[in-house]
Amino acid sequence: MTDTPGATSIETGNGKAVPTKTNPGRFFEDFKIGETLTHATPRTLTAGDVAVYNALYGSRFAVQSADSFAQAIGLPRSPIDDLLVFHTVFGKTVPDISLNAVANLGYAACQFNTAVYPGDTLSASTKTIGLKENSNGKTGVVYVETTGVNQRDEVVLSFNRWVMVNKRDQATPTGAATVPDLPSAVAPERLGQHLRDLDISAYDDVRAGAPHRFDAYKVSETIAHVDGVTVEEAEHQSATRLYQNTAKVHFDQVAANAGRHGRRLIYGGVVISLARALSFNGLANAFAVLAINGGRHVAPLFAGDTVYAFSTILEKADIAAPGLGGLRVRTLALKNENPDTFPMPSTDGKYHEATILDLDYWVALPK
Amino acid sequence: MTDTPGATSIETGNGKAVPTKTNPGRFFEDFKIGETLTHATPRTLTAGDVAVYNALYGSRFAVQSADSFAQAIGLPRSPIDDLLVFHTVFGKTVPDISLNAVANLGYAACQFNTAVYPGDTLSASTKTIGLKENSNGKTGVVYVETTGVNQRDEVVLSFNRWVMVNKRDQATPTGAATVPDLPSAVAPERLGQHLRDLDISAYDDVRAGAPHRFDAYKVSETIAHVDGVTVEEAEHQSATRLYQNTAKVHFDQVAANAGRHGRRLIYGGVVISLARALSFNGLANAFAVLAINGGRHVAPLFAGDTVYAFSTILEKADIAAPGLGGLRVRTLALKNENPDTFPMPSTDGKYHEATILDLDYWVALPK
Amino acid sequence: MTDTPGATSIETGNGKAVPTKTNPGRFFEDFKIGETLTHATPRTLTAGDVAVYNALYGSRFAVQSADSFAQAIGLPRSPIDDLLVFHTVFGKTVPDISLNAVANLGYAACQFNTAVYPGDTLSASTKTIGLKENSNGKTGVVYVETTGVNQRDEVVLSFNRWVMVNKRDQATPTGAATVPDLPSAVAPERLGQHLRDLDISAYDDVRAGAPHRFDAYKVSETIAHVDGVTVEEAEHQSATRLYQNTAKVHFDQVAANAGRHGRRLIYGGVVISLARALSFNGLANAFAVLAINGGRHVAPLFAGDTVYAFSTILEKADIAAPGLGGLRVRTLALKNENPDTFPMPSTDGKYHEATILDLDYWVALPK
């Protein structure tokens, strides 16, 4: 049992002590820079997962919705929503990386490299790239790079994240002070290689739902996505289970009763998917997420709250797929507050109190 | 932007006015008789959608439930539930037809022409066939005919509906006064052509769940469907999203708080599917919906309400499929009231206060 | 109508009495020892059903999660979760066996014989093997053996259960007093024949999520499964409908208001699946359920309750599949009480008040 970090003994009903076989998660001291962890539970995504995802978010991007639309532009069939891919790979990392996390501090450099289709199987591994103990001696920040691959070992996506993790032994300093250099945004010219051979001349604006292609958007333009959606416990729990993300905070009301919020926390990935689905109304042709440059869960979301979103265009660029352009979009999600007034963070970085998500990402649109 | 009806300007965070890229919906003045609108978001229906539909309604018709049962009577596999097809096509029309609708007034002449199988892709278009301004000058009634086709451009279903839509400019009369002539029922001899070649001799009553075939039913016979089902917010929202129907009233509790009911309204199509699933207990062999002659959503349904249903046989007829007979059924759905007492509308058309749906439709049963 | 047990007359709205076409269920007098009932509604299970099941329970066993993992050990693809198979077959028996049941008293000798894959169609039949009238004259116990087969008529699983059923005529004793001899556990050497040809050398512990194989477990070892999950109405209703189990007690709040609990009862099969999914954390390599020796629903579960589980290893044995070992596991599920204290029943059989399920079953693990 010594190779299982954090293994503890438990007492059985008949008084004998045995080692636990349950996963206690890793503590800060268990991570080593350069070490790669192979995560459990590869996952075949199917048309069933797509249907559940659609029922939970109501996504309407035509490329993902209709095989015939996807085939017209040269894809073999509708690819799986990029964010379902992201959440699935992310979910695999939770038992090894963030079971003892105090906070999920940030994402960077999430890049989508290969389309995923129903029947593909995703596996994940994570390399530790930085470790920095906090000055209080109780916690440290773990920086990782996660890679998701398909059944042909093609890299489907990779991303960095950093989490604050409890130390096992608060009394013993580790001296860890390595902070990796992470990019504030993914370089657009690297993006969209998997969309290189599309026949965009066959892309049908009318069927896609809006006439606004790449050229119609201007840097600093802001779009309110109009619609709002109230989230129920059954919905976020089903979504999070679909990703096989079993972090206790999302599912256990008895444990939550003893916690700070007294409520089950909604997984941040649910908020990202809700914001993306809402963004269709205003970005209907932005059919592919190419990269997530960074993201911040500004405040927690709870069941019963209603989510709205608005977006600002940060940047426009050519990408590796001719016929497509890259828009760098900043989407802010709000709870219980309509986005018509565009409550942007103030210049000193203070968010409007309704803000729950600040997401910076690249999407692809037909030119 | 001038070709987008109702486009308005919005202010961005940095003070520049830009045209909105979100869909404001059409107002009464935007419809023209004879014009056909091509709707967005074609949709491939899969075995995943069927599973979500079953989890939400619990349908048990054997032809749709088991490939082996369907194959025994000559179908390639289980077809997709007719109402899932209807809701999917209907959902596509919402952004173009009823986003600014005050009320969905009625349906007529909904005819199912082609079986839909997992993997088929549905697209929809709608022709305006009538326009009548209301005397108050604030609204008008738009009459349309919607057609849903599959990826081979075969007409899967067509239906009429009429909706009350806000005028953009209340001060300027349009003079519109064209009301189309719509049939009170679809002629049965036109129905069921897609079921013409079934081998009904292999239809297994025992496996289907009841011995009552076409001949067992009598005109004016009334059947209480016994079971009741309580609807949750997560269920109706998931169903409505599955159809990519994003009408705000079903999803946004903050907006609902300011509205007449203070609650999210359950999409009427959810009620129709619930009533159909309940009708299995009494109409177990009525495996195909051939047509919807008319429907009225008598009162709104809210989460927490319990739905019951009962049916009266209105008419019996031969249809275009030998071996099958057509029953014209009137199903009334009630909320929070068991249907044992058969609360029919009074002779002056007044409904029992528990009534939420009055649906007139043709179903096919083995003879 | 005389061949439909319990058919009654109802009054229609226009005053004419007609026989009901709805299923009234069987009463105690309607069962005959040796008679086999063919159940309705064969059901094709698909990747869609698997996705809904995963979204509702969050199962993580690698063999069922990833085609590539299943193929590595010699299976054609991921098989369907054994409990989804069980619930599907069980659901078919409800309209014929337990619609008038007062209580589902127990299970025995549930044996899984054949793997089920997406696309397979399940049908069920049930033989009555015992009848014993209760001394109060109001009810009797019906003992049955149910068999589920696939579309090739291969037996997928079989199980016994016994239910207390109302008599139609309390005044007339039936004299029924036949109690079958049912085994307290399935003999392990009969189990796992469908897993005989697996290449366990290719089984990857790391990808499966834990290093603990068959040899790591000891008889009488007890494992707390750590995680808890709060159940919502929408979740248990969706699960129960997925199985086409339409027992009124799970769905109808208006009827429940008049009942003993005032709440919709959660189907016991939901509790079994939740406990099984929770057991992954501690039994991650126990990828197949081979048999259910017995089960008792100790107390009802309601929406809003949080479920926990712990397990004791009862027995270890060789099974019919070389390379795999059989663990006989007793899993107790609790509501709203963390299992860290292992609240076992007392020696006089009295359960801790939080106990909701006591399940005795065989699972297979790699050696």
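Two strands pair if DSSP finds at least two bridges between them, and helices (H or I, at least four residues) and strands (E, at least two) are DSSP runs numbered from the N terminus. The views below show a predicted model, in which local features need pLDDT of at least 70 and side-chain atom pairs count only at pLDDT 80 or more, while totals for chains, interfaces and linings use all residues. Residues are numbered from 1 along each chain as its sequence is written, chains are lettered from A and ligands numbered from 1 in the order in which they are written, and side-chain values use heavy atoms, with hydrogens and water left out.

**View 1. Strand E12 of chain A and its partners.** Strand E12(A), residues 288-297, is mostly covered, with 8 of its 10 residues buried (under 20% relative accessible area, where exposed is over 50% and partly exposed lies in between, with a 1.4 Å probe and protein chains only). Strand E5(A), residues 101-112, pairs with E12(A) in the antiparallel sense over 4 bridges, and Cys110(A) has Ile292(A) as its bridge partner in E12(A). Strand E15(A), residues 355-366, also runs antiparallel to E12(A) and is joined to it by 8 bridges; here His297(A) stands opposite Leu357(A) of E15(A).

**View 2. Helix H6 of chain C.** Helix H6(C), residues 233-242, is mostly covered, since 10 of its 10 residues are buried, among them Glu233(C), His236(C), Arg241(C) and Leu242(C). The helix is followed by Gln244(C), whose phi is positive, near 55°.

**View 3. Chains A and B about their axis.** A rotation of 120° with 0.0 Å of shift along its axis superposes chain B on chain A with an RMSD of 0.0 Å (least squares on the C-alpha atoms of residues with pLDDT of at least 70 in both). The two copies are thus related as by a three-fold rotation axis. The copies use different surfaces, as 7% of the contact residues of chain B recur in chain A (contact means heavy atoms within 4.5 Å).

**View 4. The interface of chain B and chain A.** The contact takes 43 residues from chain B and 47 residues from chain A. About 3400 Å² is buried between these chains, of which carbon and sulfur atoms give 54% (the accessible area, with a 1.4 Å probe, that two parts lose on being put together, summed over both). The count between the chains is 3 salt bridges (a side-chain nitrogen of Lys or Arg within 4 Å of a carboxyl oxygen of Asp or Glu), and the side chains of Lys21(B) and Glu221(A) meet in a salt bridge at 2.4 Å, N to O.
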